[in-house]
Amino acid sequence: MDMTTTTATTGLAATDLATAPARVVGRRRASYVPPNWFAAVMGTGIIAIAAHSLPWQPAGLAAVATVFWLLACVVFGVVLIATVRHWVRDPEVARGHHAHRVVAHFYGAVPMAIMTVGTSTMVVGATVIGRDLALAIDLVCWVVGTIGGVVTAVVIPYRHLIVGRASVGDAFGGWLMPVVPPMVSASGAAVLASQLPAGWASHVVMGIGCAMFVLAALASLPIMWALAARLRTGDVGAAHMVPTWWIVLGPLGQSVTAACLLAHVAPHVVDAPMAETLHSFAVGYGLAVWVAATLWIGVAARLTARTLRSGMPFAMTWWAFTFPLGTYVTGSSALALTVGGTVFEVVAVAGFAVLVVAWSVVAVRTVRGVVSGELRRAPVVPVK
């Protein structure tokens, strides 16, 4: 099937968009707000978190973090309102998202966006709204995001990969979206536990965080194997789907962040032997996975550069250039905190600079697409 401009801007494969659950209602074009729009919240909020975690804190960086925290909150509100409006105006279209073999995977962006807002509120927004209110917001966001993340990590892969009998040829980076939220919960748990008083509450949060780490790691492994198998075939998918290969960096960078943060807060929550075990694990696991993440950046960058030369139309998939890279920055900063080393500090600062540039390009293109209407158009299937 031909891929139109509208098809390219939605961030889905052309063959999938042709069967996407959209309809023309009378003379009104159906609204279309798929869950991948929440990736814009993730990509914006991660800059605030990454800025806060940098080992080098020059004057003005705190202000930058605050601006991006506020912006993430605003974007979250806008996307949430647009999503609710979409469900009210065109419930048939909205209900079809979870059954779509590409769109459904992006439901993982919803709990991650919620937890990104919560964590950024705690680490950055507390200086603006006060610690108590920030802690309450973070706690609510973490609970909601964790529950939602467990649902996406279990239901979506089961329905679309196992029951749907997906093949290696169908694999794309978005398959990881539903299973990464528990890893975001793990790092969020570390931040939250450090703010709670010593006692049962911090123990429960810490325990849940460790459990979420294991769940995300186990769920990610078979998907990464499938992605590696497809990559070996030389088929990386349609041009506008190539940015999703950066999503592989997400579970890698986020797991390094989570392991190191959990180890950092452990001495204040658990007994000494357990804290030492978590620290040893964080050092060994963190170093190994950080190296793998660094190598993957080279692979993803090469794929992106090659596709850009041949033509890569803008799509919402371009937000995959932001949050995954942000997790690599936070992972590098967390390693610098855990094991020390100038190399991690330099990489974190350099990665943050690249992250801001990538966000600027994607954000400008997104705003332009919203204003022009290209990103707000639904794929049209005339009613017979």
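**A friendly note on this predicted model**

1. Let's begin with one cysteine. C260 counts as buried, at 1% relative accessibility. Here buried means under 20% relative accessible area, exposed means over 50%, and partly exposed lies in between, using a 1.4 Å probe and protein chains only.

2. A word on how to read the values. This is a predicted model, in which local features need pLDDT of at least 70 and side-chain atom pairs count only at pLDDT 80 or more, while totals for chains, interfaces and linings use all residues. Residues are numbered from 1 along each chain as its sequence is written, and side-chain values use heavy atoms, leaving out hydrogens and water.

3. Back to the cysteines. A disulfide is a covalent bond between the sulfur atoms of two cysteines; the rule applied here asks for a pair of cysteine sulfur atoms within 2.5 Å. The count comes to zero disulfides. C210 is in none, and its nearest cysteine sulfur, that of C260, is 13 Å away. C210 itself is partly exposed, at 26% relative accessibility.

4. Next, charged pairs. Side chains of opposite charge can pair when their charged atoms come close. A salt bridge here needs a side-chain nitrogen of Lys or Arg within 4 Å of a carboxyl oxygen of Asp or Glu, and the count by this rule is two.

5. One of these salt bridges joins R230 and D235, with 3.0 Å from N to O. R230 is buried, with a relative accessible area of 9%, whereas D235 is partly exposed, with 37%.

6. D132 forms a salt bridge with R131, and the closest N and O atoms are 3.6 Å apart. D132 is exposed at 60% relative accessibility, while R131 is partly exposed at 39%.

7. Of its 15 residues, 13 are buried, so α8 is mostly covered.

Notes. Helices (H or I, at least four residues) and strands (E, at least two) are DSSP runs, numbered from the N terminus.
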